[in-house]
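I am opening my notebook on this structure. I will look things up one at a time and write down what I find.

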Amino acid sequence: QNLKRLRKRGKDIIVRVPLIPGYNTSSQILQETIDYLSSLCIKRVDLLSYNKAAGSRYRCIGKSYPLENLEPSSPGEMEKMVAEFRNAGFDVRVGR
C-alpha cells in the first residue's frame with residue numbers, strides 16, 4: 001500500500017530488493033516481483049545480494065540465526081537475476 005500511495009503522489013521510487021536464495025530468487029517469484037513493480041511504474045530497482053554478516057547481530061543478542069548456513073547467490077546467478085529485471089525495462093543497480 002505504501003508504494004501505491006507514493007506513486008499516486010508522483011514520487012520517484014527506488015525499490016531495494018534483498019535477494020535471499022531459496023526465498024525470493026526463483027524465476028516465478030522474481031517474475032511476480034517484476035510484474036508488481038512494473039504495475040506501479042517503478043523505474044529503478046536496487047538488487048541486494050544476501051549478506052551473511054547479518055547473522056552477527058543475532059549472536060550479539062544471544063539468538064541463533066535461522067539463515068546461518070545460507071550462501072549468497074553466485075555471481076552468475078546474480079547476473080541472471082539482474083538481466084531479468086533489465087529485460088523488463090528497469091534501471092538496475094547491484095548492492096550488498
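Predicted model: local features only at pLDDT ≥ 70, side-chain atom pairs only at ≥ 80, totals over all residues.

**Charged pairs**

Which residue does Arg 93 meet in a salt bridge? The partner is Asp 91, and the N to O distance is 3.0 Å. Asp 91 has a relative accessibility of 34%, so Asp 91 is partly exposed too.

Next I searched the whole structure for salt bridges and got four. One of them joins Glu 71 to Lys 52, with the closest N and O atoms 3.0 Å apart. Where do these two residues sit in the chain? Glu 71 lies in the loop between α3 and α4, and Lys 52 lies in the loop between β2 and α3. They are 19 residues apart, so I noted that this pair links distant parts of the chain. Glu 71 is partly exposed at 49% relative accessible area. Lys 52 is partly exposed at 36%.

Another salt bridge runs between Glu 68 and Arg 59, where the closest N and O atoms are 3.6 Å apart. Is Arg 59 buried or exposed? Arg 59 has 51% relative accessibility, and the cut-off for exposed is over 50%, so Arg 59 counts as exposed. Glu 68, at 39%, counts as partly exposed.

**Aromatic pairs**

I then searched the whole structure for aromatic pairs. How many are there? There are two. In one, the ring centres of Tyr 58 and Tyr 65 are 4.8 Å apart. Their planes meet at 55°, so I call the pair tilted. I checked how open each ring residue is. Tyr 58 has 33% relative accessibility and is partly exposed. Tyr 65 has 11% and is buried, because buried means under 20%.

The other pair is Phe 85 with Phe 90, with ring centres 5.8 Å apart. The planes are at 55°, so this pair is tilted. Both Phe 85 and Phe 90 are buried.

**Helix α4**

Phe 85 also took me to α4, where Phe 85 is one of the buried residues.

Which residues of α4 are buried? I listed Met 78, Met 81, Val 82 and Phe 85. Why do they share a side of α4? They cover an arc of only 100° around the axis, which puts them on the same side.

The face of α4 turned away from the buried side carries the exposed residues Glu 79, Lys 80 and Asn 87. Just after α4, Gly 89 takes a positive phi of about 100°.

**Confidence**

Last, I looked up the confidence. The chain averages a pLDDT of 92, and 100% of the residues score at least 70. Where is confidence lowest, and where is it highest? The lowest mean is 84, in helix α3 (residues 55-60). The highest is 97, in helix α4 (residues 75-87).

How values were computed:
Residues numbered from 1 in each chain as written. Heavy atoms only, no water. pLDDT = per-residue confidence, 0-100. Helix = DSSP H or I, 4+ residues; strand = E, 2+ residues; numbered from the N terminus. Phe/Tyr/Trp six-rings, centres within 6.5 Å; stacked < 30°, edge-to-face > 60°. Buried < 20%, exposed > 50% of the residue type's maximum accessible area, 1.4 Å probe, protein only. Arc of directions from axis to C-beta. Salt bridge = Lys/Arg side-chain N within 4 Å of Asp/Glu carboxyl O.
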